[in-house]
Amino acid sequence: MRSLLRDGLSFLGKATPGRVLNAGQVVASYVLSRLTGHARAWGLPVALSFEPTTSCNLRCPECPSGLRSFTRPTGMLPAELFKKTIDEVASRLWYLIFYFQGEPYLHPQFLDLVEYASKKGIYTATSTNAHFLNDQNARRTVESGLDRLIISLDGTTQEVYQQYRVGGNLEKVLAGTRNVVKWRKELNKSTPRIIFQFLVVRPNEHQIEDAKALAQAMGVDDVWFKTAQIYDYQQGSPLIPTIDYYSRYANNGNGTFSLKNKLVNGCWKMWHSCVVTWDGKVVPCCFDKDAEYRLGDSQHESFRALWHGQKYKGFRQALLKGRDQVEMCRNCTEGTKVWG
């Protein structure tokens, strides 16, 4: 609870008049768009996801990076492109997550990019499989100013962990976690807030309580239990949990499954956030993993221009009219993350 309060105060501490005004504009434009059915967007995104790389060292079964199934190219985010975009939106941007696909720590300048954004007063976060948190990287992570470090756990024994984190080594994850905990203490820092993220699937659902106990024993601040997105869920999957609370999909009792959430027209994410791929393509959200719905290119146009451009406006309008007509949205479970 203390770490949650500290984290909340840290987030609120990033507030500036420009960011507060921008957040108000974004909320007002979304509410008005929903009420009138006419898409309009004021301000700039409150939150942004930047993809350091599509490369990954693991082969997780429901991840395009792990499956090597992208049709888009694999590469590393150019530092110049990142800085150009951040410079343009920093006065309005409140939250920045360094993650989309791939493993962020494979980017050789990753922590330099974190430090650049942190010095702009932006709340920064990342998600990692923690295989590269050696002593040096752990220290630099703490020194970078990163506010939140999400570590994928997904199992408390190697046998269970490797069933989803294919090619992964649980002991490396735990050793990396210990390194960050150690350096945060030695440098007398309150950040980053360290979180174990546990993707609940059938092979690991029996270790939920073990994950909580492990986090407490290691000095990890919190555990988040996340529901898993399954691509071909209609006929069932060995990954769908038997614990209904942690499943995004309802068992219809006849061998088929359906999405629990009903698709509501309009989507808050389209007004307050977006994702920028490693090569500058701007896509609507994290469900567009192969960047099929490209709404702009930050390499060749200003972010403000593309955010308010006709392509983005047309996409927002399409969601207001019929979200179920957008292929990407049909397996969307926005709002089904379960917090522990």
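**Aromatic pairs and a buried core**

In this predicted model, Phe50, Phe82, Phe98, Tyr105, Phe110 and Tyr116 form one aromatic cluster.

User: What makes the pair of Phe98 and Phe110 edge-to-face?

Analyst: The ring centres of Phe98 and Phe110 lie 5.7 Å apart with the planes at 80°, and since a pair needs centres within 6.5 Å and edge-to-face needs planes over 60 degrees apart, the pair is called edge-to-face. Phe98 belongs to strand E2 and Phe110 to helix H5 (residues 110–118), so the pair ties together parts that are twelve residues apart in sequence.

User: Why is the aromatic pair of Tyr95 and Tyr123 called stacked?

Analyst: The planes of Tyr95 and Tyr123 stand at 20°, with 5.6 Å centre to centre, and because planes under 30 degrees apart count as stacked, the pair carries that name. Tyr95 lies in strand E2 (residues 95–98) and Tyr123 in strand E3 (residues 123–128), 28 residues apart.

User: How do you know that Tyr95 is buried?

Analyst: The relative accessible area of Tyr95 is 19%, and buried means under 20%, so Tyr95 counts as buried. Tyr123, at 0% relative accessibility, is buried as well.

Terms used
Residues numbered from 1 in each chain as written. Predicted model: local features only at pLDDT ≥ 70, side-chain atom pairs only at ≥ 80, totals over all residues. Heavy atoms only, no water. Phe/Tyr/Trp six-rings, centres within 6.5 Å; stacked < 30°, edge-to-face > 60°. Helix = DSSP H or I, 4+ residues; strand = E, 2+ residues; numbered from the N terminus. Buried < 20%, exposed > 50% of the residue type's maximum accessible area, 1.4 Å probe, protein only.
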